[in-house]
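Me: I would like to go through this model label by label and ask what each label rests on. Please set each value against its cut-off before drawing the conclusion.

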Amino acid sequence: QSPGDRAVDDSVMLTDDVSMRTMKVMIPGPMNTRKLREAVADCGAQVVRSSNVNQANVIIQQDPTRPKTSASFAAFLFGLYIASPRFFHSKGTKGMLVPYRKVCNSRRRLAWVSREFRALHPDAAGWVDAAPSPWIIMADKDKFVERARRYKGLGSTATAFVSTREQQQDPDLKNILYKVTANDAMKLPDLGALK
């Protein structure tokens with residue numbers, strides 16, 4: 001077994017609430033083959049449609065250490081696993097399963113996605129828009145900044161999804177703790193505390 005492989009059987013708990021049998025797996029379009037769906041089902045896991053991403057706890061990518069931006073963002077937002085197809089074809093004895101921590105664990109999560117970020121990364125912006133409660137996606141930047149300021153320290157976390165230029169230059173966002181770019185989400189699999 002190579003160092004990157006992680007063996008797991010279906011009785012082993014991967015986290016407090018995820019085992020092979022409780023996995024809800026999203027397979028992106030180009031990889032969504034009958035063979036892979038059958039491999040997932042043979043592990044006792046369930047395949048989830050991409051339109052129901054907020055129900056998934058695993059996303060399959062060819063290389064979980066270098067997922068596509070949109071998959072990385074989904075894992076980052078929701079605290080998902082990213083697995084290789086080999087992980088399911090081998091019933092968890094080979095391949096990779098990479099855990100991602102949620103960006104934050106606060107009760108209320110305010111988010112705003114800039115136009116520039118949406119233009120540069122439409123798939124990732126779509127994941128943000130699909131974020132389930134307790135995420136509150138705000139359309140207006142000024143209202144987002146004001147609400148973030150008002151709720152600061154009251155169990156809320158504000159996250160602005162912005163371009164690299166905006167992260168460095170936008171004076172309105174200087175007091176927002178989390179300013180996330182697509183590059184941030186691609187740097188590390190464990191994105192628990194980006195600033």
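Reply: Gladly, with the reminder that this is a predicted model.

Me: What makes F117 count as buried or exposed?

Reply: The relative accessibility of F117 is 0%, so F117 counts as buried, the cut-off being under 20%.

Me: Why is the pair of F117 and F161 called tilted?

Reply: The structure holds 3 aromatic pairs, and in this one the ring centres are 6.1 Å apart with the planes at 55°. Centres within 6.5 Å make a pair, while planes under 30 degrees apart would be stacked and over 60 edge-to-face, so the rest count as tilted. With 55° between its planes, the pair of F117 and F161 is therefore tilted. F117 belongs to helix 4 (residues 115–120) and F161 to strand 8 (residues 156–161), so the pair ties together parts that are 44 residues apart in sequence.

Me: How do you know that the buried residues of helix 5 line one face?

Reply: In helix 5 (residues 122–129), the buried residues are A124, A125, W127 and V128. Viewed down the axis of helix 5, the buried residues fall within an arc of 155°, so they line one face of the helix. On the other side of helix 5, P122 and D123 are exposed.

Me: What makes R34 and E38 a salt bridge?

Reply: Their side chains meet with N and O 2.9 Å apart, and a salt bridge requires a Lys or Arg side-chain nitrogen within 4 Å of an Asp or Glu carboxyl oxygen. R34 and E38 both lie in helix 1, 4 residues apart, about one turn of the helix. R34 has a relative accessibility of 59% and so counts as exposed, for which the cut-off is over 50%. E38, at 39%, is therefore partly exposed.

Me: Why is it said that R165 and E116 tie together parts that are 49 residues apart in sequence?

Reply: R165 forms a salt bridge with E116, the closest N and O atoms being 2.6 Å apart, where the limit is 4 Å. R165 lies in helix 7 (residues 164–169) and E116 in helix 4, so the pair ties together parts that are 49 residues apart in sequence. With relative accessibility at 42%, R165 counts as partly exposed, and E116, at 27%, also counts as partly exposed.

Me: Why is one side of strand 2 and of strand 5 left without a neighbour in the sheet?

Reply: The open sheet has 5 strands in the order 2-1-3-4-5, with mixed pairing. Strand 2 (46–48) and strand 5 (97–99) stand at the edges and each has a single partner strand, so one side of each is left without a neighbour in the sheet. The twist averages 30° from one strand to the next.

Me: What makes strand 3 and strand 4 a pair?

Reply: Strand 3 (residues 58–60) and strand 4 (residues 81–83) run parallel and are joined by 3 bridges, where a pair needs at least two. I60 stands opposite A83 in strand 4.

Conventions
Residues numbered from 1 in each chain as written. Predicted model: local features only at pLDDT ≥ 70, side-chain atom pairs only at ≥ 80, totals over all residues. Heavy atoms only, no water. Phe/Tyr/Trp six-rings, centres within 6.5 Å; stacked < 30°, edge-to-face > 60°. Helix = DSSP H or I, 4+ residues; strand = E, 2+ residues; numbered from the N terminus. Buried < 20%, exposed > 50% of the residue type's maximum accessible area, 1.4 Å probe, protein only. Arc of directions from axis to C-beta. Axes fitted to C-alpha atoms, helices over the stretch in contact; angles between N-to-C directions.
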